[in-house]
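My notebook is open, and I'm going through this one a piece at a time. Here is what I looked up, in the order I got curious about it.

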Amino acid sequence: MPFHPVTLNRPIQVDRVVTVHYFEYSSDYYFEGECHDFWEFLYVDKGELDVLAGDRKLRLVRGQFIFHAPGEFHALRATGTSAPNLVVVSFYCDGPDMARFVGRVDTAGDPERALMARIVEEGSAAFSTPLDDPTTTAMERSPDAPFGAEQLLGAAIEGLLISLLRRDGAAPPPPASLIRTRGREELFGKVTDYLRANLGRSLTLEEVCRDNLVGRSRLQQIFREHTGGGAMEFFGKLKIERAKEMIREGSRNFTEIAAALGYQSIYYFSRHFKKVTGMTPSEYASSVKILAGKTRPGGGGR
């Protein structure tokens, strides 16, 4: 009996990627705008952002997407109070179903957030071009890219588009809450929320264990499973992420930031900042100013 293969129907195909970006912008960042002949989507990972898309003026908040169709003029501006983190991906994709993305603003659920993380991961692996360089007009292939990285990048973009189209405009499912899950997941969520709520304190591991009714060895084991490091290492990284946001917001000096985050002195703050990021706070602030002075958040060249 002869077999008859089925040629797979692929209504969404992404074979050409222009840029993949992850930006950390200052609270006063402004991009004057552009248009180009390929698709682009922008995802707000942190903070909020004002976007001009054609003749529409929109404010996007964390977790929201906007799609710019080929030929649509778009510009953006930070709100002045929030230092936004953005994913910007530009690509070519034909087919009638792409018409459903024209003018589309959507909110990511857990599946879309996971695919977004995969896009950033594979884009970083596939290309040597820094993902935070807004002047990029051509991504350079990495000579050390893992096998199939570009294919997985394209598959992740396709998966994201398909996931959004399958919802057909319906609201995304609510994100899975770690606090509402059971056992180890529940405890990890409880403690991470506690740590985020206490970034201004100089906590000890004993205080974390006492306030969350958990033994030291169990807490450390759970954090190693989830983060690859201990609870206090995770807490320190949360502090530095918040410090980076505060530097980009530009409303406090380094001494004030150190005090707000519970450091004993600016010396300890600076030393910890450099240990985590590889830069001093001053070097980081300068790098953000340089980035904010460039004129392009994604897409094509000028």
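**Entry 1: a ring in a strand**

Is Phe67 buried or exposed? I looked it up, keeping in mind that this is a predicted model. Phe67 comes out at 0% relative accessibility, and since buried means under 20%, Phe67 counts as buried.

Next I checked Phe101, which also has 0% relative accessibility and is buried. The ring centres of Phe67 and Phe101 are 4.6 Å apart with the planes at 40°, so I wrote this pair down as tilted. Phe67 belongs to strand β6 (residues 64–68), while Phe101 is in the loop between β8 and β9, so the pair ties together parts 34 residues apart in sequence.

**Entry 2: more rings**

How many aromatic pairs does a search of the whole structure find? I got 17. I noted one of them: the rings of Trp39 and Phe101 have centres 6.5 Å apart and planes at 75°, so this pair is edge-to-face. This pair links distant parts of the chain, with Trp39 in strand β3 and Phe101 in the loop between β8 (85–92) and β9 (105–107), 62 residues apart. Trp39 is buried too, at a relative accessible area of 6%.

Then I asked which residues join up with these. One aromatic cluster is formed by Trp39, Phe41, Tyr43, Phe65, Phe67, Phe91 and Phe101. So Phe101, with its 0% relative accessibility, is a buried member of that cluster.

**Entry 3: Gln64**

I stayed in strand β6 and picked Gln64, which is found there. With 18% relative accessibility, Gln64 still counts as buried, because the cut-off is under 20%. Leaving out residues up to four places away in sequence, Gln64 touches Leu42, Tyr43, Val44, Arg59, Val105, Asp106 and Thr107. Tyr43 is also on my list for the aromatic cluster. A polar atom of the Gln64 side chain lies 3.0 Å from the backbone nitrogen of Val61.

Gln64 and Asp211 are 147 residues apart along the chain, and their C-alpha atoms are separated by 34 Å.

**Entry 4: a histidine in a loop**

Where is His36? I found His36 in the loop between β2 (30–34) and β3 (39–46).

**Entry 5: over to the helices**

The UniProt record, an unreviewed entry, annotates residues 189–287 as "domain: HTH araC/xylS-type". I checked what that span is made of: 75% helix and 0% strand.

Leu187 sits in helix α3 (residues 183–197). Leu187 is buried, with 9% relative accessible area. What does Leu187 touch, not counting residues up to four places away in sequence? I noted Asn212, Val214, Arg218 and Ile222. Leu187 and Ile222 are 35 residues apart in sequence, and their C-alpha atoms are 8.3 Å apart in space.

Leu213 is in the loop between α4 (205–212) and α5 (216–227). Its phi is near 55°, a positive value in a residue other than glycine. I reminded myself that most residues other than glycine have a negative phi. At 77% relative accessibility, Leu213 counts as exposed.

**Entry 6: the whole thing**

Last, I zoomed out. The protein has nine helices and nine strands. The radius of gyration is 21 Å, close to the 19 Å the globule rule gives for 302 residues, so the protein is as compact as a globular protein of that length. Along the principal axes, the C-alpha atoms fill a box of roughly 65 × 55 × 40 Å.

How much of the protein counts as buried? I got 44% of the 302 residues. The accessible surface comes to about 15,900 Å², and 53% of that belongs to carbon and sulfur atoms. Among contacts with a separation of 6 or more, 73% are between residues 24 or more positions apart.

Key:
Residues are numbered from 1 along each chain as its sequence is written. This is a predicted model: local features need pLDDT of at least 70, side-chain atom pairs count only at pLDDT 80 or more; totals for chains, interfaces and linings use all residues. Side-chain values use heavy atoms; hydrogens and water are left out. UniProt positions are given in the numbering used here, feature names are shortened, and annotations may be inferred rather than shown by experiment. Helices (H or I, at least four residues) and strands (E, at least two) are DSSP runs, numbered from the N terminus. Buried means under 20% relative accessible area, exposed over 50%, partly exposed in between (1.4 Å probe, protein chains only). The radius of gyration is taken over C-alpha atoms; the globule rule is 2.2 Å times the number of residues to the power 0.38. Contact means heavy atoms within 4.5 Å. Accessible areas come from the Shrake-Rupley method with a 1.4 Å probe; for residues, only the protein chains shown count as cover. Rings of Phe, Tyr and Trp (its six-membered ring) pair if their centres lie within 6.5 Å; planes under 30 degrees apart count as stacked, over 60 as edge-to-face and the rest as tilted. A polar contact is a pair of N or O atoms within 3.5 Å; within protein, one must be able to donate a hydrogen and the other to accept it, and residues adjacent in sequence count only if both atoms are side-chain atoms.
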